[in-house]
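Grab the model and work through a few packing exercises. Each has a task and then a stepwise solution.

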Amino acid sequence: MAPALLLVPAALASFILAFGTGVEFVRFTSLRPLLGGIPESGGSDARQGWLAALQDHSILASLAWDLGLLLLFVGQHSLMATETVKAWMSRYFGVLQRSLYVACTALALQSLILPQLVMRYWEPVPRGPVLWEARAEPWATWVPLLCFVLHVISWLLIFSILLVFDYAELMGLKQVYYHVLGLGEPLALKSPRALRLFSHLRHPVCVELLTVLWVVPTLGTDRLLLALLLTVYLGLAHGLDQQDLHYLRAQLQRKLRLLSRPQDVEAE
């Protein structure tokens, strides 16, 4: 049992790293664009047009750097999710396979050592063109407020969905917990319909993340690159069909019934 208990600190460390990265991701995708965290150089009047931006080497260099960071994250996230890599990781790391995947995903986003680049080394392009911008009143007041409300709703939905989809298992904690107690693999206890859903739905918060990415008061060049690439990536990662939707509806109804039972008992 002692060697098995050594797995617990590793899984907890992965969870803490992922949680901290999640907080940083909220700041990067929501607080930074909504609260004006991106530095400006010369104000919005100094921004160039699209044609001029294509000839500006500094803008192109920043966009190329940001694209490289995104491709690094997408490559890591996709490669480690393949069956071949997962089988190799399970062979050498055993029950920590999911925790290692989560930790590497967090490291690809959060700059702690050299390979962790995306959020810490992201290059804003303040002089680049914008697709839209709320500058004139009353839009300059109401559009950021509306975006803030939609972002809050989206993040609340994301956290709720993660809880419904078994957050402990997504983070790799449940696998280690089951292993230490000798309960086997959590996925082995799930129904074939649930396993089928998980094979089709790699990211259960697609719509909410798209809202966070696109609903901003100012859609600048680097934000457009971020939103476009992650939208394509999220779209390619989904393959839901009618059977999956029926299963999701049944699970939602079951969980709602479980939540209403304590109220029914108190009423009696």
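Predicted model: local features only at pLDDT ≥ 70, side-chain atom pairs only at ≥ 80, totals over all residues.

Residues are numbered from 1 along each chain as its sequence is written, and side-chain values use heavy atoms, with hydrogens and water left out.

**Exercise 1. The whole chain**

Task: Find how many helices and strands the protein chain has, and what percentage of its residues count as buried.

Solution: 
- Step 1: There are 13 helices and two strands. Both are DSSP runs numbered from the N terminus, with H or I over at least four residues for helices and E over at least two for strands.
- Step 2: Out of 268 residues, 37% come out as buried. Buried means under 20% relative accessible area, exposed means over 50%, and partly exposed lies in between, using a 1.4 Å probe on protein chains only.
- Step 3: Take the contacts between residues at least 6 apart in sequence; 78% of them join residues at least 24 apart. Contact here means heavy atoms within 4.5 Å.

**Exercise 2. Helices α2 and α9**

Task: Work out whether α2 is roughly parallel or roughly antiparallel to α9, then list who makes the contact.

Solution: 
- Step 1: Helix α2 (residues 7-34) packs on helix α9 (residues 173-181) at about 170°, and the axes are 9 Å apart. Axes are lines fitted to C-alpha atoms, for helices over the stretch in contact, and angles run from 0 to 180 degrees between N-to-C directions.
- Step 2: That angle makes α2 roughly antiparallel to α9. The cut-offs are under 35 degrees for roughly parallel, over 145 for roughly antiparallel, 65 to 115 for roughly perpendicular, and oblique for the rest.
- Step 3: From α2 come L7, V8, A11, L12 and F15, while α9 brings L173, V176, H179 and V180.
- Step 4: Sorted by class, that contact has eight nonpolar residues, one polar and no charged. Ala, Val, Leu, Ile, Met, Phe, Trp, Tyr, Cys and Pro count as nonpolar, Asp, Glu, Lys and Arg as charged, and the others, Gly among them, as polar.

**Exercise 3. Helices α4 and α12**

Solution: 
- Step 1: The crossing is at roughly 20°, and the two axes come within 10 Å.
- Step 2: So α4 is roughly parallel to α12.
- Step 3: On the α4 side, the contact residues include L63, D66, L67 and F73, and on the α12 side they include D222, L226, L230 and Y233.
- Step 4: The contact of α4 with α12 divides into eleven nonpolar, three polar and two charged residues.

**Exercise 4. The nonpolar cores**

Task: Which members of the largest nonpolar core touch the most other members?

Solution: 
- Step 1: A nonpolar core is a set of buried Ala, Val, Leu, Ile, Met, Phe, Trp, Tyr and Cys residues joined through side-chain atoms within 4.5 Å.
- Step 2: The largest one has 13 residues, and F73, W122, L213, L226 and L230 touch the most other members.
- Step 3: The elements giving two or more residues to this core are α4 (57-79), α6 (97-109) and α12 (221-236).
- Step 4: Another core lies apart from it, with nine residues that include F25, L162, C206 and V212.
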